[in-house]
Amino acid sequence: MQVRSKPTFETVLVMQGGGSLGAYECGVYKGLEKRGIKFDIVSGTSIGAINAGIIAGSKSDQPAKDLEDFWLHISESMTPAALSDMFRSMTAATFSALWGNANMFQPLWNPMILPASMPYLYDLGPLKKTLAQYVDFSRLSPGNRPRLIVTSIDVKTSESVVFDSQAQHISADHLAGCAGFPFYGIAWTKVDGRYLWDGSLMSNTPLREVIHASPSNDKRVYIVNLFPSRQDKLPENLLDSLHRARDIMYSDKTDHNIRMSKIIKRHLKLLNEMHDMLSNAELNGEMKGRLLKLEKEYHKVATVRGAIIEEVVKIERKEDVHFMFEDADFSATTIKKLIKQGEEDAERVLGGAP
């Protein structure tokens with residue numbers, strides 16, 4: 001009979017999509033790196049996929065610094081820093097809508113063309129060029145660590161498309177394919193004959209995809225939430241309602257996965273105990289034969305696909321000002337503020353223990 005081996009333990013970072021709010025994830029990662037936390041897997045979708053790609057493919061031995069340099073590089077300094085948070089976000093979002101972002105996305109429309117007649121308004125060519133400055137794509141390939149898992153959606157079939165550096169080489173096109181957000185008119189990307197959109201359309205917290213890609217290893221998971229799951233104050237107007245609805249749509253919904261992992265853990269413990277009892281018992285020939293036939297299926301359930309989430313650490317962004325297009329605010333002031341907020345929240349959640 002096959003002998004059960006102790007499962008490998010993995011530390012996983014999962015990052016959400018959220019446009020410019022991804023600067024908060026940069027701050028969180030800075031806090032995690034300060035604590036000496038090393039990751040076996042980094043994953044994400046949309047801007048979370050971009051952040052994950054920079055971490056996994058860092059050109060130096062300081063991925064947190066590379067990630068912060070990226071965010072400062074794509075920030076814009078045209079928006080006055082003296083404005084209030086609300087007006088700064090409104091001004092910066094308007095700037096992004098009209099002029100794009102020189103290092104992220106460029107507008108394709110002009111006053112002579114009706115935007116509604118185009119499939120998308122902004123191209124991600126600048127993002128791919130920027131990523132080349134910060135990512136060593138040779139590291140995003142089988143055998144390298146941390147392992148990168150990023151998600152997108154097939155525009156034609158609505159199927160989830162997962163890119164895994166353990167199974168393939170990941171390029172700038174793959175990362176851009178995870179970040180084409182249609183509601184803001186961001187272009188899809190053609191990769192391997194498929195047209196890809198932002199993976200947040202399916203799931204903005206791709207924990208399930210990580211479990212499916214690495215089903216045999218137990219996990220400690222760190223999840224960064226960009227969209228607050230709770231807001232005590234009710235919306236006061238239509239824009240407030242739309243903002244809150246957006247937060248609910250893209251907030252973390254992994255609680256079911258975590259609950260199921262705990263249930264599976266109890267079931268596996270019982271299954272393992274029963275297996276051990278039968279393996280050590282004196283059985284007649286017929287019973288031994290039946291046990292041997294079940295052994296392969298037992299091995300598949302208990303070890304090959306027996307991953308357990310041992311611990312989940314969630315770090316969630318809070319907000320004082322509610323603005324529908326805050327995720328399009330790339331002003332340098334806001335980017336720096338988000339990085340600082342993420343780092344402080346990580347320190348608060350982690351406390352004094354690594």
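Q: Where is Asp 192 found?
A: Asp 192 is in the loop between β7 (189-191) and β8 (194-198). Helices (H or I, at least four residues) and strands (E, at least two) are DSSP runs, numbered from the N terminus. This is a predicted model, in which local features need pLDDT of at least 70 and side-chain atom pairs count only at pLDDT 80 or more, while totals for chains, interfaces and linings use all residues. Residues are numbered from 1 along each chain as its sequence is written, and side-chain values use heavy atoms, with hydrogens and water left out.

Q: Is Asp 192 buried or exposed?
A: Buried means under 20% relative accessible area, exposed over 50%, and partly exposed in between (1.4 Å probe, protein chains only). Asp 192 has 62% relative accessibility and therefore counts as exposed.

Q: What is the phi of Asp 192?
A: Most residues other than glycine have a negative phi, and most peptide bonds are trans. Asp 192 is not a glycine, yet its phi is positive, at about 55°.

Q: What is the phi of Ser 46, and where does Ser 46 lie?
A: Ser 46, also a residue other than glycine, has a positive phi near 55°. Ser 46 sits in the loop between β2 (41-45) and α2. With a relative accessible area of 8%, Ser 46 is buried.

Q: Which peptide bond is cis?
A: The bond from Arg 145 to Pro 146 is cis, with omega near 0°. Pro 146 belongs to the loop between α5 (125-134) and β5 (147-154).

Q: How are two packed helices described?
A: By the angle between their axes and the distance between the axes. Axes are lines fitted to C-alpha atoms, for helices over the stretch in contact, and angles run from 0 to 180 degrees between N-to-C directions. Helix α2 and helix α3 (residues 63-74) pack at an angle of about 135°, with axes 9 Å apart. That makes α2 oblique to α3; angles under 35 degrees count as roughly parallel, over 145 as roughly antiparallel, 65 to 115 as roughly perpendicular and the rest as oblique.

Q: What is the handedness of the crossing of α2 and α3?
A: A crossing is left-handed if the near helix is turned anticlockwise from the far one by less than a right angle, and right-handed if clockwise. The crossing of α2 and α3 is right-handed.

Q: Which residues of α2 and α3 meet?
A: Contact means heavy atoms within 4.5 Å. From α2 come Ile 47, Ile 50, Asn 51, Ile 54 and Ile 55, which meet Pro 63, Asp 66, Leu 67, Phe 70 and Trp 71 of α3. By class, this contact of α2 with α3 has eight nonpolar, one polar and one charged residues. Here Ala, Val, Leu, Ile, Met, Phe, Trp, Tyr, Cys and Pro count as nonpolar, Asp, Glu, Lys and Arg as charged, and the others, Gly among them, as polar.

Q: At what angle do α1 and α3 pack?
A: At about 160°, with their axes 9 Å apart. That makes α1 roughly antiparallel to α3. The crossing of these two helices, α1 and α3, is left-handed. Gly 22, Ala 23, Cys 26, Tyr 29, Lys 30 and Glu 33 of α1 make the contact with Pro 63, Ala 64, Leu 67, Glu 68 and Trp 71 of α3. The contact of α1 with α3 has seven nonpolar, one polar and three charged residues.

Q: How do the axes of α1 and α11 cross?
A: Helix α1 (residues 22-34) and helix α11 (residues 332-350) have axes that come within 6 Å and cross at roughly 40°. The two helices, α1 and α11, are therefore oblique to each other, and α1 passes α11 in a right-handed crossing. Their contact residues divide into 10 nonpolar, four polar and five charged.

Q: Which residues touch the most other members of the largest nonpolar core?
A: In soluble globular proteins, nonpolar side chains tend to be buried together. A nonpolar core is a set of buried Ala, Val, Leu, Ile, Met, Phe, Trp, Tyr and Cys residues joined through side-chain atoms within 4.5 Å. The largest one has 63 residues, of which Leu 13, Leu 32, Phe 70, Trp 71, Leu 131 and Leu 148 touch the most other members. Helix α2 (residues 47-56) gives the largest share of this core, seven residues. Another core, of nine residues, lies apart from it, and includes Val 12, Leu 207, Ile 223 and Ile 309.

Q: What does Leu 131 touch?
A: Not counting residues up to four places away in sequence, Leu 131 touches Ile 50, Ile 54, Phe 70, Phe 137 and Leu 175.
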